[in-house]
Amino acid sequence: MRSVSFRRFLILFVALLCCCSSIACATENELTIEERIERLEARLDASEQRADQAEREAEQAERQIESAGNAGSSPSETGKIALQSGRLALKGASAEEDTQLPEVELPSDKSDRFVFHAYSRSSLILGDNFKSVPINPNMTPAGRYDGALGLLGNEKDVFFEGLFSYEQNYENGAHTRYNLMMSDQNNSLNDWTAEESTFNVRQANVEFSHLPSFTGPMENTILWAGKRFYPDELGIFFLGGVGAGIQDIQLGENWDTDISFVGRSFGDPAVPGVVYPGDVDDADDEGAYSTDALVLSNSHHIGNWYLMLSAMSARDNDKRDIDGEGVAADTGLHAMVAYKDDDSFYGLGDGNFRAALLMGKGLGAQVVSLGVDQNLIDSAEGVRVETRGTTYITPDWRIEPWLAAFSGRNRYSQGDKQDWVTLTVRLVNEVNRNFEMQYETTYQWMNIDPAGLTYEDDDVTRNFRPIEGSYRRFTVAPTIKPKVGGFLVRPEIRFFASWSNWDKSINRFCRTDSLGRDNFDGNEWTYGIQMETWF
């Protein structure tokens, strides 16, 4: 009986082994996982029935053999055939399963994952008359040249930016990440804003890292291609477009370098009506492609220091018809030197700070956003210095100063000038675990000479006028948040009131600007509510 039980166990084991093997080899890829599992369960039930039948036949054959042995004669041919038929029944059951059982592919690599990051803000800002007011951080004449004001109580828009990432890890150690960023911005207060929407895909790229064949200085590099932002750890400049690059090439201890090559499209063709060779099939309605700006950049990170050099080219942009006096630039150079310290507030105590010097010529004279300005002339020059930091001055009070200055010459017309300086200070009092009072003041001085540039005002061509003057602003914002503490803790809800004033001379710069409009010409109060979050 022990041998019979063992044989039964062996037969069942073989049957189950065959079934498991057939499951791994089947290939019905057109079925869903649920359908495959249902079919698998049905076939396993049928397989068990066939295995039971085969076991009964095998037992019957064994009994016949044992009877023949007890009678003192050799096993009969009938017993041999019965035993063989039982074995064939088991084999046939497994063979049938090999041809019919579907393959079930369930997720097995738990290191694969989706990641979602987002930034969002939305604001309602009203004036004394309880109507919306035309404000934004770049509303002064200096704002046309990247002279932004303080942000507190000054962002009248609804903005969303979401980054979806899918990460995969491979058995050989390689890691990949696909990034998709979508964003939208509008100034409407409505819930349905399809007509005003600027919904856009800002990033669509793939990254490779930990490639096993990359060794030595390339061991920890990140190879990327597609549409993306250049990674700016300083938060001072912008470079984005479609291209490719490699990050974190290790040149030494605490020294790594990045290389990128991206292309951007200017808003309209430099030479309308001209078709370049090979462009005929895809030319736009005017018969020409928009001019491409190409940017090759190399940045170095050495300890706390950052150095970045960029070269730019835009084919035929020098043929562009521009408003000012001069020739549009088709090449450019840009350089940045920066220092970042995450542990010290200018050497005065705990905190952090960063400082940067940016300069450029030609297409590089737009020193903050690289390769985006098609109207710069070949003699354009620009220099910008910027620094900001954060620290606690008492356990309950923190401060964040920001200073930026810019000087530009011959950027859009020979003889033009753009000089400005902006100082912004935000002071925050952490009242309790969920409430804080935020205060922000901004002062901006500007001296701008457009040198004959023009603009359109209701089909009337007018000249920008030279101005010199200053803008002042002060904001108080009671703020509620889930957790108080730190400069980057979000989300938060702010209720704010702001007072702003500026020299009357600034109103003359441009009739279509925010400053100088009817009922918004100085000594203004604004009130509002804002939500801001990121994660």
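Trainee: How far apart are the closest N and O atoms of the salt bridge between R490 and E532?
Mentor: The model is predicted, so local features need pLDDT of at least 70 and side-chain atom pairs pLDDT 80 or more, whereas totals for chains, interfaces and linings use all residues. Residues are numbered from 1 along each chain as its sequence is written, and side-chain values use heavy atoms, without hydrogens and water. A salt bridge places a side-chain nitrogen of Lys or Arg within 4 Å of a carboxyl oxygen of Asp or Glu. For R490 and E532, the closest N and O atoms are separated by 3.0 Å.

Trainee: How many residues apart in sequence are the parts that R490 and E532 tie together?
Mentor: R490 belongs to the loop between β18 (467–480) and β19 (492–502). E532 sits in strand β20 (residues 524–534), a strand being a DSSP run of E with at least two residues, numbered from the N terminus. The pair therefore joins parts whose separation in sequence, in residues, is 42.

Trainee: Is E532 buried or exposed?
Mentor: Buried means under 20% relative accessible area, exposed over 50%, and partly exposed in between, with a 1.4 Å probe and protein chains only. R490, at 17%, counts as buried. E532 has a relative accessible area of 7%, so E532 is buried.

Notes. Helices (H or I, at least four residues) and strands (E, at least two) are DSSP runs, numbered from the N terminus.
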